[in-house]
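Q: Can you walk me through this structure? I have it open and want the main points.

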Amino acid sequence: MMQQKRKLQIIEWEDLDKRKFYSLGVFMTMTTRATVYPFTLIRTRLQVQKGKSLYNGTFDAFCKILKAEGVPGLYRGFMVNSFTLISGQAYITTYELVRKYVSGYSSNNTVKSLVAGGSASLVAQSITVPIDVVSQQLMVQGQGCQLTRFKLKPKMVMATSKNKVTFGQTRDIVVQIFHADGLRGFYRGYVASLLTYIPNSAVWWPFYHFYGEQLSRLAPSDCPHLILQAVAGPMAAATASTLTNPMDVVRARVQVEGRSSVIETFKQLLAEEGAWGLTKGLSARIISSLPTSVMIVIGYETLKRLSLRPELVNSRHW
């Protein structure tokens, strides 16, 4: 009976009013990204610094960036990064469509979520990587300018120091990347990104369902399903982040430092900083992933409910 109730909570792709779904989805995605972006920036700086040359950890980085660069420093590169809204919508669409396709071969939620999550990440990363390459170069400017081979022109640095965010900075970085590496430069770290985010996405969804099922067995029968989902999401995020963080460190270094080999970058990281280097930025990554997961789970589930086709609203009981 409990399993049947859980199944009623899953709204499938064909149940949705697509116009509502996409319009509300853009707002939800933008709000989520704006909330967690400072920790994304901190994670990137921690991952690409040598040892502890600039920061001793997440809290130390937050305080130093806030003191030296102000609040705008925590949002450096955000305007460029906001274009990942496109990949966010591509992710959602791919996830739902692949899930629908796989349901024709398996009714197991774990199988459907694993395949759909991995496929969605593959599509999304193909769109996201060029945006990430540019936004990460902007993230490590300012106090962290020694972390990258690309530097803003003096007038751009001056504008940055006055907390003026301009697209001139973005254009300057784009031109430098193109002159140095050509079009391939915008896909630097693509393989590392796939090796990071496909497993992360593929692992997150099965763990999300697993933790949700375990919590439903332990929780009182009158506990709202959405609360269980809101708890299961962060637990899945922490698990997935921990498992995939080593490759995320390698990905950041490949993209920011301009390296060409994932394997060589991995070996050099181990040689210089040992196994501990593979955990760099993990706390910032988990901190950013927890609220993201809560917002995604609550927001996404609410979004799907609000986007139900009118004729199905009365047939669903939450």
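A: One term to begin with: helices (H or I, at least four residues) and strands (E, at least two) are DSSP runs, numbered from the N terminus. This is a predicted model, where local features need pLDDT of at least 70, side-chain atom pairs count only at pLDDT 80 or more, and totals for chains, interfaces and linings use all residues. Residues are numbered from 1 along each chain as its sequence is written, and side-chain values use heavy atoms, with hydrogens and water left out.

Q: Where is N56 found?

A: N56 sits in the loop between α2 and α3 (58–74).

Q: Is N56 buried or exposed?

A: N56 counts as exposed because its relative accessible area is 54%. The cut-offs are under 20% relative accessible area for buried, over 50% for exposed, and partly exposed in between (1.4 Å probe, protein chains only).

Q: How many helices and strands does the protein chain have?

A: The protein chain has twelve helices and zero strands. Of its 318 residues, 52% count as buried.

Q: What about contacts in the protein chain between residues at least 6 apart in sequence?

A: Of those contacts, 79% join residues at least 24 apart. Contact here means heavy atoms within 4.5 Å.

Q: Which residues have the most contacts inside the largest nonpolar core?

A: They are F21, Y95, W204, Y208 and Y300, in a core of 28 residues. At least two core residues come from each of α2 (18–48), α5 (85–102), α6 (109–139), α9 (190–218), α10 (225–257) and α12 (282–306). Another core lies apart from it, with twelve residues, including L54, L74, F78 and A284. A nonpolar core is a set of buried Ala, Val, Leu, Ile, Met, Phe, Trp, Tyr and Cys residues joined through side-chain atoms within 4.5 Å.

Q: What does W204 touch?

A: Not counting residues up to four places away in sequence, W204 touches G233, A236, A237, A240, S293 and V297. W204 also belongs to an aromatic cluster with Y95, W205 and Y208. The structure holds 13 aromatic pairs, a pair being rings of Phe, Tyr and Trp (its six-membered ring) with centres within 6.5 Å; planes under 30 degrees apart count as stacked, over 60 as edge-to-face and the rest as tilted.

Q: Changing topic, how many salt bridges are there in the whole structure?

A: The search finds nine salt bridges, each a side-chain nitrogen of Lys or Arg within 4 Å of a carboxyl oxygen of Asp or Glu.

Q: Which residues are linked in a network of salt bridges?

A: R43, D248, R251 and R285 are. Within it, D248 pairs with R285, the closest N and O atoms being 3.5 Å apart. That pair links distant parts of the chain, with D248 in helix α10 and R285 in helix α12, 37 residues apart. Both D248 and R285 are buried.

Q: And R43, buried or exposed?

A: R43 has a relative accessible area of 9%, so it counts as buried. R43 lies in helix α2. Beyond its neighbours within four places in sequence, R43 contacts Y197, D248, R251, G281, A284 and R285.

Q: What about R188 and D181?

A: They form a salt bridge, with the closest N and O atoms 3.2 Å apart. R188 counts as buried because its relative accessibility is 16%, whereas D181, at 22%, is partly exposed.
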